[in-house]
Amino acid sequence: MKSYDFEPFDIIVFPIIDWYYRFQRPQQLATQFALHGHRVFYLRTYFSRESKPICQPIRTDISITDVQLGLPADKNIAADQLDPISRKSLLEQVASLRKKYGVSKAFCFVDIPFWGPLALDLQTKYGWKVVYDCMDHFSGFYNVTSHMLESEGDLAKKSDLILATSQMLFDEKSRLNSNCLYVPNGTEFEHFNYSPENCPEELAGIKKPIVGYYGAISDWFDTDLVCNLATARPEWNFVFIGSTAGADVSSMKILDNVFLLGEKPYEFLPGYLQYFDICIIPFKRIPLTEATNPVKLFEYLSAGKSIVATELNELLRYREYARLVSSVDEWLAALGAALNDYHPTQVAKRLMFARQNTWEERSRLVEDALQYIAGDCASVPDAWPPAFPEEYQISSKLLTRHRGVDYWCRVYEKDAVVYKQTNIELARREARILSQFKINYFPKFLEVQVKDGYGIVACAKVNGQSLQDAALHIGASAAALHDFIQDCLNMLLLLKKNEITHRNINQGNLRVRNGRPILLDFEWAVSRQEPFFTPSGLGGQGRPPEGAFSDVYSMGLIFKYVNRQRYQEFDRVISLMMAKDPSMRIGDVNILKVLFNTALKNITED
């Protein structure tokens, strides 16, 4: 049972790439944080000549703001360093940003060491947490200077948290900082998993089979390998999408069956990907690539594609989903086998893996870590003695602050009972709500005790799986998914019958026991008879666009998550639960039950 801090902190991204450049990890994570209810300020990698920040919204539906800071002379974030005068100027501009937007609690996400000194200044001045998102082995780049490597060591040691994209980077950085988390890249599954109506014009005249690649083509890209493969298979065509800056591709350009199409916008990539017969990752095996977790691997798999890649240590964990090879002969043999490797079972396996490795999943992992370190400097009021010895404590968290009152929660587990030690008001509210239910969709309420200044609510421990662990079983068949959906809808009917709105249904507070859902954490629930204040950020991305609370809308997100086979009949009903236009949205649970029954019937008849 988790307790979350709903006082939403802001995210300031000190990036390695600009927002409108190739859409990758920095923008993907920033988008997810904004969807979770955080304000995101995304800096530019180049500077204006102004003395104050220039801010403009990037998105209108979620809070992401483009921020350009100013310096008298431009700086190259890969080659230069921040001198004391530049740091002072940038610090003053961030102070201006802080005042303008009322930033109080913030996390500084640093993607490249250039920004480290500024982020660490903010850590000292405001107590903001610093997260170093380490994506690359920087010493492996030809254009990196000693300045960057020096500042990286200081950044790594002083960061509150390091995110490492590969095992090699994790092993390296965890020796400098014990607060290191392995967070590989991910995919935007829905973006890459679709079949375009029309073939991209540039591919229309290229005969099959097509061996395809997209991404940067630089000095780590094995052009010699590609030339050898293309020469050995003149009847195959090799298509490459991406900038060729930093690579000598002259030997590739002279081959009739090699096509260099240049950079393509992120939104157009799936259209090209769907026409690739085989996807490749032809990297040289060097320290730089050994530290790389290729995002394209997850995107290729989102389209169900057969993959052949250079045998890198980081890719060994994915060898079940990609053929890993070294020599030219191995590459040719693997390409021949991959061409016909599209049995429905194999494709389904790839798609299932991709669905489990989305940016949404990655962001939840990071969010948990952020919530944990956000509470590091806080402590439960001294007036609250521990309800049980420390070995029984699961968590201790500041939930929110409201009108000068701190709302805390300690959670203990002892003898198959979960105890929440929290503010008297929260304990009594949760006890009153849970005591109304005598059915297995909710924790079994046992008792509530009121002590001097705090309350303790006790419930029977819920033995079951997390939704993430149970998702594979739930979505294994249309019938199993339908049964789970109907149970969830029955749960909503019980809440409605008692005029209760949970307000925070999400993956973290749903447990699954024997295929049936159990909903936890009712401290912020409201009823018609018992309204309550709303902690800032409550509900996160589970709230409809207009901002009102809807348990039906939140449950639609759950159904979307567990529908891993992407049954279209179910997806149509789910889309009605989550329509952006409130007038088009179906919130009547009884109608939804009928629609899902009809959807199952249509699926089984097909």
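Author: Let us start with a pair of helices: the axes of helix H19 (residues 568–577) and helix H20 (residues 589–605) come within 8 Å and cross at roughly 160°. This is a predicted model, where local features need pLDDT of at least 70, side-chain atom pairs count only at pLDDT 80 or more, and totals for chains, interfaces and linings use all residues. Residues are numbered from 1 along each chain as its sequence is written, and side-chain values use heavy atoms, with hydrogens and water left out.

Reader: How do I read such a pair?
Author: Two packed helices are described by the angle between their axes and the distance between the axes. Axes are lines fitted to C-alpha atoms, for helices over the stretch in contact, and angles run from 0 to 180 degrees between N-to-C directions. Helices are DSSP runs (H or I, at least four residues), numbered from the N terminus.

Reader: How are H19 and H20 oriented to each other, then?
Author: They are roughly antiparallel, as angles over 145 degrees count as such, while under 35 is roughly parallel, 65 to 115 roughly perpendicular and the rest oblique.

Reader: Which residues of H19 and H20 meet?
Author: Glu-569, Phe-570, Val-573, Ile-574, Leu-576 and Met-577 in H19 touch Leu-592, Leu-595, Phe-596, Ala-599, Leu-600, Asn-602 and Ile-603 in H20. Contact means heavy atoms within 4.5 Å.

Reader: What about H2 and H3?
Author: Helix H2 (residues 84–101) and helix H3 (residues 116–126) pack at about 55°, with axes 10 Å apart. H2 and H3 are therefore oblique to each other. On the H2 side, the contact includes Leu-90, Leu-91 and Val-94, and on the H3 side it includes Leu-118 and Leu-122.

Reader: How do I read a nonpolar core?
Author: It is a set of buried Ala, Val, Leu, Ile, Met, Phe, Trp, Tyr and Cys residues joined through side-chain atoms within 4.5 Å. Buried means under 20% relative accessible area (1.4 Å probe, protein chains only). The largest nonpolar core here has 90 residues, and Phe-109, Phe-240 and Leu-370 have the most contacts inside it. Helix H14 (residues 359–374) gives the most to this core, with six residues.

Reader: What does Leu-370 touch?
Author: Leaving aside neighbours within four places in sequence, Leu-370 is in contact with Phe-9, Ile-11, Phe-33, Phe-107, Phe-109, Val-131 and Leu-161. Apart from that core lies another, of 46 residues, with Tyr-441 and Phe-570 among them.

Reader: How many residues of H11 are buried?
Author: In helix H11 (residues 295–302), eight of its eight residues are buried.

How values were computed
Helices (H or I, at least four residues) and strands (E, at least two) are DSSP runs, numbered from the N terminus. Buried means under 20% relative accessible area, exposed over 50%, partly exposed in between (1.4 Å probe, protein chains only).
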